[in-house]
Amino acid sequence: MKAPSQGRAFLGVLGRDLAVTGKEFGSFISQVLMQPFFLLFVFGVVLGQLGYVTPGYAQLLLPGLLALNAFFVAVQATAIPLVIDFSYTKEIEDRLLAPLSTRLVAVEKIVFGASRGLFGSLVMIPVGYIVLDEVNWVLSGLPFAALLLVLGSLSGGAAGLVLGTLVSPRKINVVFALVVTPLLFTGSTQFPFLQLGNLRWFQVICALNPITYVSEGLRGALTPAVPHLAGWVCLLALVASCVIFGAIGIQGFLRRALD
């Protein structure tokens with residue numbers, strides 16, 4: 001009977017968090033869409049009409065922005081509330097009183113952040129079709145693309161757990177500037193990873209960024225004519241990212257919970 005009780009408690013806590021998101025849907029959707037929309041509009045429309053990018057650039061850009069939203073929305077949705085809960089509101093203590101193991105409370109935080117990241121990515125699809133004129137996806141690649149988005153969101157949620165448990169509240173803004181901003185520009189969202197051969201040092205840096213494998217995997221699944229990494233490489237890299245970030249984040253959560 002213990003396992004079903006834990007499962008129901010997990011779903012109950014997750015459902016509560018999702019319900020709170022529903023009440024804040026307006027502010028959430030505006031935060032999710034603002035930055036990627038302008039990136040899409042400037043790089044995909046403005047620079048295209050001015051002749052600074054090739055006509056097919058939109059095909060390359062949109063999957064990268066889906067990857068970007070999946071990862072970053074999940075990071076923010078996990079890290080920032082955790083910093084607040086542990087340091088100011090102490091709301092995390094209520095979660096720890098639930099009939100859940102401490103590890104499952106940490107996993108719930110990852111899953112909740114990932115759900116927001118996945119939603120933030122999916123809402124960019126209709127926006128991309130409206131803003132861009134040249135979006136032609138291979139529909140047979142949609143199931144694999146969905147899997148990549150789920151893994152990318154889970155990786156972002158796990159990375160958010162690491163930041164939320166290891167960084168003090170006074171340093172969180174500095175850490176976001178020093179860590180998140182470089183991740184934004186090294187995730188192969190605006191360029192194909194395989195075409196960085198002449199910038200080998202930068203290619204190595206991009207290879208360390210989980211967003212690269214979401215971006216490249218989505219291009220391979222949806223726009224295979226664009227140069228991309230093999231799908232199995234992206235899949236393995238994202239699974240490894242989820243495991244590594246998840247293990248570090250859960251350990252950090254356990255340490256903070258016991259303090």
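How far apart do the end C-alpha atoms of residues 32-53 lie, and how much of the span is helix? In this predicted model, the end C-alpha atoms of residues 32-53 are 26 Å apart, and the span is 82% helix and 0% strand. The protein as a whole comprises 11 helices and 0 strands. The UniProt annotation "transmembrane region", from an unreviewed entry, includes residues 32-53 among the spans it covers.

**Overall fold and dimensions**
- Along the sequence the pattern reads α-α-α-α-α-α-α-α-α-α-α.
- The radius of gyration of the protein is 19 Å, which agrees with the value near 18 Å that a compact globule of 259 residues would have.
- The C-alpha trace spans about 60 × 40 × 35 Å along its principal axes.
- Of the contacts between residues at least 6 apart in sequence, 82% join residues at least 24 apart.

**Surface, burial and charge**
- Buried residues account for 50% of the 259 residues in the protein.
- The protein exposes about 12,500 Å², and 70% of this area is supplied by carbon and sulfur atoms.
- There are 15 positive and 11 negative side chains, and the centres of the two sets are 8 Å apart.

**Annotated transmembrane spans**
- According to the unreviewed UniProt entry, "transmembrane region" covers residues 32-53, 65-89, 110-132, 144-167, 174-193 and 229-254.
- For residues 144-167, the end C-alpha atoms lie 34 Å apart, and the span is 96% helix and 0% strand.
- For residues 32-53, the corresponding values are 26 Å, 82% helix and 0% strand.

**Phe86**
- Phe86 belongs to helix α3, which runs over residues 57-89.
- The relative accessible area of Phe86 is 7%, so Phe86 counts as buried, the cut-off being under 20%.
- Phe86 and Ser168 are 82 residues apart along the chain, and their C-alpha atoms are separated by 9.4 Å.

**Ser215**
- Ser215 sits in helix α10, made up of residues 210-222.
- With a relative accessible area of 0%, Ser215 is buried.
- Leaving aside neighbours within four places in sequence, Ser215 is in contact with Pro63, Gly64, Ala67, Gly187, Ser188 and Thr189.

Conventions: Residues are numbered from 1 along each chain as its sequence is written. This is a predicted model: local features need pLDDT of at least 70, side-chain atom pairs count only at pLDDT 80 or more; totals for chains, interfaces and linings use all residues. Side-chain values use heavy atoms; hydrogens and water are left out. Helices (H or I, at least four residues) and strands (E, at least two) are DSSP runs, numbered from the N terminus. The radius of gyration is taken over C-alpha atoms; the globule rule is 2.2 Å times the number of residues to the power 0.38. Buried means under 20% relative accessible area, exposed over 50%, partly exposed in between (1.4 Å probe, protein chains only). Contact means heavy atoms within 4.5 Å. Accessible areas come from the Shrake-Rupley method with a 1.4 Å probe; for residues, only the protein chains shown count as cover. Lys and Arg count as positive and Asp and Glu as negative; His and the chain ends are not counted. The place of a charge is taken as NZ of Lys, CZ of Arg, CG of Asp or CD of Glu. UniProt positions are given in the numbering used here, feature names are shortened, and annotations may be inferred rather than shown by experiment.
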